Amino acid sequence: MPDKYVIRYLPVAVDDLLSISDWIASDNPARAASFTDKLDKRIAGLATHPFLGRIPKHEMLQAFGYRVLVIEAYLVFYKVRGHIVEIHRVIHGSRHLDDIA
């Protein structure tokens, strides 16, 4: 069994997740709960497969060492540091990526 990595959320990523949940819940609370569960499970999978996400095409994000995990229309930007997976941002794919670095 591969080593487990620790998943650590930066405060801004926690804020992102809360905002996503609130946004979806304003229209469909049940969908917000199920989507939040989906996000949690997929992100938790990085504990055993930290390099599952791809290297972003955006050069600036590559230079900062980000990887990106796509979950439906959302992008989870993270870095692997030793045995820690740092979740930096969770944003909608339509957002301008220059603002996240």
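This is a predicted model: local features need pLDDT of at least 70, side-chain atom pairs count only at pLDDT 80 or more; totals for chains, interfaces and linings use all residues.

Reader: Which strands does H1 lie across, and at what angle does H1 run to E4?

Author: H1 lies across E1, E3 and E4, and runs at about 40° to E4.

Reader: In what order do the four strands stand in the sheet?

Author: Two strands pair if DSSP finds at least two bridges between them. Here the sheet is open, its order is E1-E4-E3-E2, and its pairing is mixed. E1 and strand E2 (67-71) each have a single partner strand and stand at the edges, so one side of each is left without a neighbour in the sheet. From one strand to the next, the twist averages 30°.

Reader: Over how many bridges do strand E3 and E4 pair?

Author: Strand E3 (residues 74-81) pairs with E4 over eight bridges in the antiparallel sense, and Arg 81 has Ile 84, in E4, as its bridge partner.

Reader: Which residues line the largest pocket?

Author: The lining includes Asp 16, Trp 23, Tyr 74 and His 92, while helix H1 (11-25) and strand E4 (84-92) are the elements that give two or more residues to it. By kind, the lining residues are five nonpolar, three polar and three charged, and the space in this pocket is about 170 Å³.

Technical notes: Residues are numbered from 1 along each chain as its sequence is written. Side-chain values use heavy atoms; hydrogens and water are left out. On a 1 Å grid over the protein atoms alone, a cavity is a set of points where a 1.4 Å probe fits but cannot get out, and a pocket is an open set with protein on both sides within 12 Å along at least five of seven lines; lining residues have an atom within 4 Å of a point. Grid points are joined across faces, edges and corners, and a volume is the space filled by probe spheres set on the points. Ala, Val, Leu, Ile, Met, Phe, Trp, Tyr, Cys and Pro count as nonpolar, Asp, Glu, Lys and Arg as charged, and the others, Gly among them, as polar. Axes are lines fitted to C-alpha atoms, for helices over the stretch in contact, and angles run from 0 to 180 degrees between N-to-C directions. Contact means heavy atoms within 4.5 Å.
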